[in-house]
Every structure is written in C-alpha cells, then in structure tokens.
Amino acid sequence: MPITAVVEKNAYEAAMENFDLAADALELDHNVRNMIKSPERVLTVHLPVRMDNGKIHTFQGHRVQHSTARGPAKGGIRYHPHVTLDEVKALATWMTWKCAVVNIPFGGGKGGVTCNPKEMSQVELEHLTRRYASAILPLIGPAQDIPAPDVYTNSQVMAWIMDTYSMTKGYPIPGVVTGKPIALGGSLGRNEATGRGVFNTLQSACEHLHIPMKGARVVVQGFGNAGSIAAQLLHANEACVIAASDSKGCVYNPKGLDIPALIAYKEKTGGVINFPGSEPITPEQLLAMPCEILVPAALENAVQAENAETLHTKIVAEAANGPLTPEADRILEAEGVFIIPDILCNAGGVTVSYFEWVQDEQHLFWEAQDVYNRLERVMKTSFNDVLKIHLTHKVGMRTAANMLGIGRVAEATTLRGLYP
Ligand code: NAD
C-alpha cells in the first residue's frame, strides 16, 4: 500500500483525537482544553515563482503557529506535493507537545509548501524558498518562530531563509532558523540528531523490555535522514537491520544489510533499490517482516487499521511524525506491541535545534560530543518520564507522552492567565 493512500482520518483529525484521549485522562479543565487545542495563528501564502522555462508558477504555502505558551513557535518546513493545511496544522500541534515532552522552552509551529522539489532545479528551489521566506517574514524570528528542515528541505534551504530574513534587518541573524550549515552558525550533531534520538529511546525501550539490542532484527521504512542515521547507530551497536526502503523501493537481507555501504550506495545512486547482496521486497512485505524493531521513518499514516494486523514486531519506534493512525494504535497496543510515540521518539531533532538556537544566541559553539551527551540525557530522561506515566496511569505510551506534553502546556497556559 502506498503510504499516501486514502486514509481513515487525516493527520489533523488524528492529532485532535489523540489530544482528546490525553486531555480526558488528565481530566483537563474545559477552558484550558479549548485554549490549547487549536492553533494560535494560521497563515496561507501564494508564491509566484519564475520557473526555468520562463513561465510563472504560483505555489501555495502555509505557516502555522500552534502554540507559543512555553516559548517561540518551533517547527520544520516541508516541501512535498501532498502538503495540505490540515497536515501542517497536525505537524504544528505535534511540535507543541513534543517540545514540552523534552522540556525545551519552545512552542509548536510548522510550515509547508505544496511542490515537488524532485522535479525542480536548484535555482527554482532557491527562488521558491526566498519567496516563501519573505511571505512568512512577519511571523518568524529568533524570539517568535524558528523554522527548521523537514521532509525534502535541508540545510541549504535554511541558509536561503536565514539570508532572506537577514537582508531585511541589515545584519546576519542565524537564530531565525535551525538546521543551518555549520559555516552559518549550525550546530555540530544537528544533522544526525533525529536518528540519534531515535536510537537513544530504543536503547531505553530495549532495556525496559529486556530485549537485547545485539542481534535484534530491525526494519526501517524510509531510509532518509532520520531512518538511515537510526539504522547506522543500530547497526554499529550490533542490531541486525534486515530491511530498508525509500520512495522507490525496498531491499531485504535476512543476514543483515551493510548499513554504511547502503548509505554510500543511496548517496551515489539516489535510492536503495538494487543494493548489491539484497533482494527486492514489496512495501507490504517490508512492514509485515518479522522483527524486534520496526522504524517507520517516512510519512504519516504508514500503518492503518487495514495493515496493522500484518505487523510482526515487538517495538515500533516512530521516527516519522504520525506514522500510525489512532485505529492502528489501538490494534497494535491490544497485541502488546510497545510503541515509542513520535513526539518522544523523534524529538532529538528539535532538541539539538534548541541547542543550535542557544549557541547562536550566545555566539558560543559546543563540541560534537557535548551535543551528543546532552541529547542522550534529554532523550533518556524524557523516555523515563513518559514510561512512568504509562506504568502508573496504565495508558498506552502515546497517551502517556501526550499527557506529559499537554500537561506541561496546560500548566504554562494556566500560569500565564487569560487575557482580560
Ligand atoms: P527525508 O526526506 O530525509 O527522508 C524521507 C525518506 O522517506 C526518503 O528516503 C524517502 O525516499 C522516503 N519515503 C518517502 N515516501 C516513502 C514511501 N512511500 N515508502 C518508503 N519510503 C518513503 O526526511 P526526514 O527528515 O528523514 O523525515 C522523515 C520523517 O521524520 C518525517 O515524518 C519527518 O517529519 C520526521 N522527522 C524528521 C526530523 C528531522 O530532523 N529530519 C525530525 C523529526 C521528525
């Protein structure tokens, strides 16, 4: 099943359903619940861009600030043909709970442009990015809203946004975006932060479940930034990554894929298919592959009610945002699958983005090992905080993570009080 297939619920409906479950479990006050549920600001922009063929194409983009209760809005920018406002609203909502789960002083935001960057030249991408940056300029800034990369955006895109923003001020302002190139004030360790955080939460989960990482079979759906780095660290720690996929296809080797070689191969060829020593499998076979650890690291709704029962894994580590629908959650939880929910599992990216913003604001830069150590501490502390709620309240890990994040946002909102 392609992961962009018709879904039971769109991502925003799923985010709202999960919010209600956690808010009910927290017995959240009705007024606070209404205050923190919906996005604070939603901006839709139309972006005319001159394409290489001389014609002008008008793209649609969005920037959503879901919450600034605990600090500036924080969240990535996605370039993808299927970007919709509801998807951006869902992603912004998850960012709010995610920043609160790892207890960093940010709220939640997200941006997206409906486009296909794979079919655009670098010049077209730069023009689109600068146009988008100037269209959302009133909302962004180091103290207001700080974008970062997401699917199909990268450090170069962040560099263009930083430059466009800085041009309006007359001096460089690196803290307006994170995930920048190191030469422009990026942080060491940011590029691998999400995958590293996924790995750290898996270490904690394996310890909790008494599953040895050594020899554990791992399946990775989406061998991009988050998926490939998680795979690399798991491989380096003697787990056995037996299958991996990207948008073009899936590869399998029951004895384990050579992950550093697969990363090099994907860099060279642009995909994982036909990797020497592997056999091709279908996306359905990949998800159904018996394993100890499944890492969905592509897009939303990869696992839904119709395919949840085909999974044969002990742990799902959600590197992607929203890869399981609420129905899939219920099916997997009933089967005793341990889910490390997205707002915990993939929070390493925003955590090191926070470190990057701190370094930019202080003009003082840290060593890579310092970043890794701080990240590991944050990820393992947050895992334990969520696990404690899971065990004491007897709720699923997703509801536990939402309870932690929503509870912190509710507390901040209550302390700030209502506008008269
Ligand atoms: P990326 O663009 O580097 O990688 C995405 C990968 O998914 C690509 O290899 C792509 O080919 C693959 N893919 C796309 N459609 C697929 C399909 N149908 N089947 C299998 N693979 C498919 O993006 P990324 O930054 O790694 O993000 C992946 C997920 O992780 C997204 O949900 C994103 O929101 C989430 N995430 C990323 C970060 C980060 O810092 N990169 C942080 C938090 C969450």
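Helices (H or I, at least four residues) and strands (E, at least two) are DSSP runs, numbered from the N terminus. The model described here is predicted.

**The ligand and its shell**

There are 23 residues around the ligand, and those that come nearest are Asp150, Thr194, Asn225, Ala226 and Asn321. By class, the shell consists of nine nonpolar, nine polar and five charged residues. Two elements, α7 (225-236) and β7 (240-246), each contribute at least two residues to this shell.

| Protein residue | Part of the residue | Distance to an oxygen atom of the ligand |
|---|---|---|
| Arginine 78 | N or O atom in the side chain | 3.0 Å |
| Alanine 226 | polar backbone atom | 2.9 Å |
| Serine 247 | polar backbone atom | 3.0 Å |

On its own, the ligand has 820 Å² of accessible area, of which the protein covers 86%.

**Glutamate 292**

Where does glutamate 292 lie? Its place is in the loop between α9 (283-288) and β10 (293-296). The relative accessible area of glutamate 292 is 11%, and since buried means under 20%, this residue is therefore buried. Leaving aside residues up to four places away in sequence, glutamate 292 touches Ile211, Gly215, Ala216 and Arg217, as well as Thr313, Lys314 and Ile315.

Key: Residues numbered from 1 in each chain as written. Predicted model: local features only at pLDDT ≥ 70, side-chain atom pairs only at ≥ 80, totals over all residues. Heavy atoms only, no water. Near = heavy atom within 4 Å. Polar contact = N/O pair within 3.5 Å; in protein donor to acceptor, adjacent residues only side chain to side chain. Areas by Shrake-Rupley, 256 points an atom, 1.4 Å probe, with all protein chains shown as cover. Nonpolar A, V, L, I, M, F, W, Y, C, P; charged D, E, K, R; others polar. Buried < 20%, exposed > 50% of the residue type's maximum accessible area, 1.4 Å probe, protein only. Contact = heavy atoms within 4.5 Å.
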